[in-house]
Amino acid sequence: MTNSPPRSLITRLGIPPTLAWGYLGLLLFMIGDGVESGYLSPYLIDQGISESRVALLFTVYGIAAGIAAWLSGVLSDLWGPRRVMWTGLGIWGAFQLLFLLVAIPLTSYPLLMLAYGLRGLGYPLFAYGFLVWIANVTPRVRLGTAMGWFWFAFTGGLPTLGSLVAGGLIPHIGAYATLWAALVLVVAGGLIALLLVRDDHGARRPRGAGEGPVATLLGSVTILWRNPRVGAGSVVRVINTASQFGFFVIMPIHFTRTVGFSLTQWLHLLSAMFATNIFANLLFGVVGDRFGWRRTIAWFGGAGCTLSTLLLFYVPDAAGANFPLALLVAAFYGATLAGYVPLSALVPTLEPKHQGQALAALNLGAGASTFVGPAVVAAFVGPLGVEGVVWIFAGMYAVSCVLAPFLKLPDEPGTADVRGVAAQRGDAPEDTAAGAASAPA
């Protein structure tokens, strides 16, 4: 019996050693991308852009991000993840420069729309390109943990640490200069990931890619009605974070101008909200495996978010600028967003023969939430106010409670048996749950 050499700390943590620099680069990139999330909306309003126009600007950004999230997997299949990540970094940097050097100084709304809207293509191509890279490199038995670290870096940067960076820099260098600092962080993170990672899986198409990119692209859409359960899962994924992106538009204004918090206090609330979310992601991955994926989504996600969304508005509205109380409801909201974690394990299991297409459909839902939320704000904040928009989001979460019971697993009565498929892949049936803790909120 031979003794195997001791594994490095990185390996024991579940991080693929060849991609370790990529995780650090992703964290820095997403910190830079998240710097603006807590204050860009009021900053643009202070520059003379109306609230409805700012909401429309965020909506266009979200549409671009949704398209990029959908395309990232197909382009990684065609080009390789490294080239997709270079493309995302280049888009982000180029259009941020246009945004900072021309659009903001001129206060030109068409240029703001062009620069900021197209910049939305950048971060999904970079981040989700790296996600594909992780999937290509990591052994199946450690893939869930590796994905968990991906989402830890992703959500740790956007918006958690990004908001903290903004809160620390704005009082000293101002809001505009802080946007330049965001560019520096994004470029530094991108270059660390792309220049220091030496793994060659990023330079070629994923092994075993059986379908061409066009077929995969079309299949990731047609699966929404070929398998209505996947379609329902994609809708639930849209609902999951729609309020988050909508609140980025209206809550900074509401908390600072109506409730009475300072901008720094609001940024600290935002950081606490998503710091809680990061650890709740891991918690609800475990809860989902033991309590049941659908029940976790329905009760902790749907019902929990219905309640927490309303509390996030009504508690500060009634109590005023009471920071400890606002901190509690913000943390509760962040935690309940993580109740949807099992979707990442559930949706691909709903279509075991086309798991890649099912994941693409789920990414499409994730990307769509980035513009559905601001679109709800743009359409309804005028006639209904902030309170009405909050009730719309709460109603959407209630709908997800109703949809969750229809997401039956293939090994449940009346559906195909997944165990045979798992056995053919060399997996135990329980392996389908391994990714539950690795999903984003």
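Q96 is found in helix α5. Helices here are DSSP runs of H or I with at least four residues, numbered from the N terminus. Q96 is buried, with a relative accessible area of 0%. Buried means under 20% relative accessible area, exposed means over 50%, and partly exposed lies in between, using a 1.4 Å probe and protein chains only. The side chain of Q96 reaches the backbone oxygen of L179 at 3.3 Å. Leaving out residues up to four places away in sequence, Q96 touches R119, L179 and L183. Contact, or touching, means heavy atoms within 4.5 Å.

This is a predicted model, in which local features need pLDDT of at least 70, side-chain atom pairs count only at pLDDT 80 or more, and totals for chains, interfaces and linings use all residues. Residues are numbered from 1 along each chain as its sequence is written, and side-chain values use heavy atoms, with hydrogens and water left out.

T87 is partly exposed, at 27% relative accessibility. Its contacts, not counting residues up to four places away in sequence, are W79 and L125. T87 and F126 are 39 residues apart in sequence, but their C-alpha atoms are 7.4 Å apart in space.

Helix α5 covers residues 81–106, and T107 sits in the loop between α5 and α6 (109–119). The phi of T107 is near 45°, a positive value in a residue other than glycine. T107 counts as partly exposed, at 35% relative accessibility.

**Helix α9**

L179 and L183 are among the buried residues of α9. Helix α9 runs over residues 175–196.

Helix α11 (residues 228–259) bends by about 50° at F247. The bend is the angle between axes fitted to the seven residues ending at a residue and the seven starting there. Of the 32 residues of α11, 26 are buried, so the helix is largely enclosed by the rest of the structure. G260 follows α11, with a positive phi near 115°.

The largest nonpolar core has 112 residues. Such a core is a set of buried Ala, Val, Leu, Ile, Met, Phe, Trp, Tyr and Cys residues joined through side-chain atoms within 4.5 Å. Those with the most contacts inside the core are F99, F130, F150, F154 and I250. Helix α11 gives the most to this core, with 14 residues. In soluble globular proteins, nonpolar side chains tend to be buried together. Beyond its neighbours within four places in sequence, F154 is in contact with L26, M30, Y123, A127 and Y128.

**Cysteines**

How many disulfides does the structure hold? The count is zero. A disulfide is counted as a pair of cysteine sulfur atoms within 2.5 Å. C305 is in no disulfide, and its nearest cysteine sulfur, that of C401, is 8.9 Å away. From C401, the closest cysteine sulfur is that of C305, too far for a bond.

**Accessibility at a glance**

| Residue | Relative accessibility | Class |
|---|---|---|
| Q96 | 0% | buried |
| T87 | 27% | partly exposed |
| T107 | 35% | partly exposed |
| C305 | 0% | buried |
| C401 | 21% | partly exposed |

Definitions and conventions:
Helix = DSSP H or I, 4+ residues; strand = E, 2+ residues; numbered from the N terminus. Polar contact = N/O pair within 3.5 Å; in protein donor to acceptor, adjacent residues only side chain to side chain. Expected span 1.5 Å × (residues − 1).
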